[in-house]
Amino acid sequence: MKVILMGLHNGACADNVASGLAPFFQVRKVDMVREGDPESPWAIVEVDNSYEHVWDVCNRLRGVFHRGRTLHLYIPLHQDDVFHEIPSHERI
């Protein structure tokens with residue numbers, strides 16, 4: 001499953017992002033995107049967690065200040081590798 005992380009500093013690198021998110025996610029891969037504003041890169045983070053877990057963590061971390069900037073985490077729509085911890089008949 002993929003998560004988009006915005007609000008990073010220009011010195012951010014894939015290894016730092018992966019280690020910073022390791023307490024919250026099982027990070028598989030981080031791709032840094034530096035096109036656009038070079039002072040504000042963003043990252044596409046591939047995680048190996050359920051949709052429910054990712055949703056919960058994104059809601060908890062969204063708006064948290066890191067090094068003076070607000071973090072923004074988004075879950076892109078239409079992902080193929082989404083799995084659920086909750087059976088479909090129990091989901092709301």
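# Strand pairing, core and side-chain contacts

K29 counts as partly exposed in this predicted model, at 42% relative accessibility; the classes used here are buried for under 20% relative accessible area, exposed for over 50% and partly exposed in between, computed with a 1.4 Å probe on protein chains only. Because the model is predicted, local features are reported where pLDDT is at least 70 and side-chain atom pairs count only at pLDDT 80 or more, whereas totals for chains, interfaces and linings use all residues. Residues are numbered from 1 along each chain as its sequence is written, and side-chain values use heavy atoms, with hydrogens and water left out.

**Strands.** Strand 2 (residues 27–33) runs antiparallel to strand 3 and is joined to it by 6 bridges, where two strands are said to pair if DSSP finds at least two bridges between them. Within this pairing, K29 has E46 of strand 3 as its bridge partner. Strand 3 is also joined to strand 1, again in antiparallel fashion, by 4 bridges, and here V3 has V45 as its bridge partner in strand 3.

**Salt bridges.** K29 also takes part in a side-chain interaction, since its side chain meets that of D31 in a salt bridge, a term that requires a side-chain nitrogen of Lys or Arg within 4 Å of a carboxyl oxygen of Asp or Glu. By this rule the model holds 3 salt bridges, which are set out in the table.

| Salt bridge | N to O distance |
|---|---|
| R28 and D48 | 3.9 Å |
| K29 and D31 | 3.7 Å |
| R60 and D56 | 3.4 Å |

A polar atom of the N49 side chain lies 2.8 Å from the backbone nitrogen of Q26. Such a polar contact is a pair of N or O atoms within 3.5 Å, of which, within protein, one must be able to donate a hydrogen and the other to accept it, while residues adjacent in sequence count only if both atoms are side-chain atoms.

**Nonpolar core.** In soluble globular proteins, nonpolar side chains tend to be buried together. The largest nonpolar core of this model has 19 residues, and L5, V17, F25, V45, V54 and L73 have the most contacts inside it; such a core is a set of buried Ala, Val, Leu, Ile, Met, Phe, Trp, Tyr and Cys residues joined through side-chain atoms within 4.5 Å. At least two residues of this core come from each of strand 1 (2–6), helix 1 (14–21), strand 3 (42–47) and helix 2 (51–61), with helix 2 supplying the largest share, 4 residues. When its neighbours within four places in sequence are left aside, V17 is in contact (heavy atoms within 4.5 Å) with L5, L8, V30, M32, A43 and V45.

**Helix 2.** The buried residues of this helix are E52, V54, V57, C58 and L61, and what covers the buried residues includes strand 1, helix 1, strand 3 and strand 6 (72–74). The model has 1 aromatic pair, under a rule by which rings of Phe, Tyr and Trp (its six-membered ring) pair if their centres lie within 6.5 Å, planes under 30 degrees apart counting as stacked, over 60 as edge-to-face and the rest as tilted. The pair is stacked because the rings of Y51 and W55 have centres 6.2 Å apart and planes at 25 degrees. Y51 is partly exposed at 28% relative accessibility, as is W55 at 45%.

**Positive phi angles.** After helix 2 comes G63, with a positive phi near 90 degrees. R67, a residue other than glycine, also has a positive phi, near 55 degrees. R67 is found in the loop between strand 4 (65–66) and strand 5 (69–70), where it is exposed with a relative accessible area of 60%.
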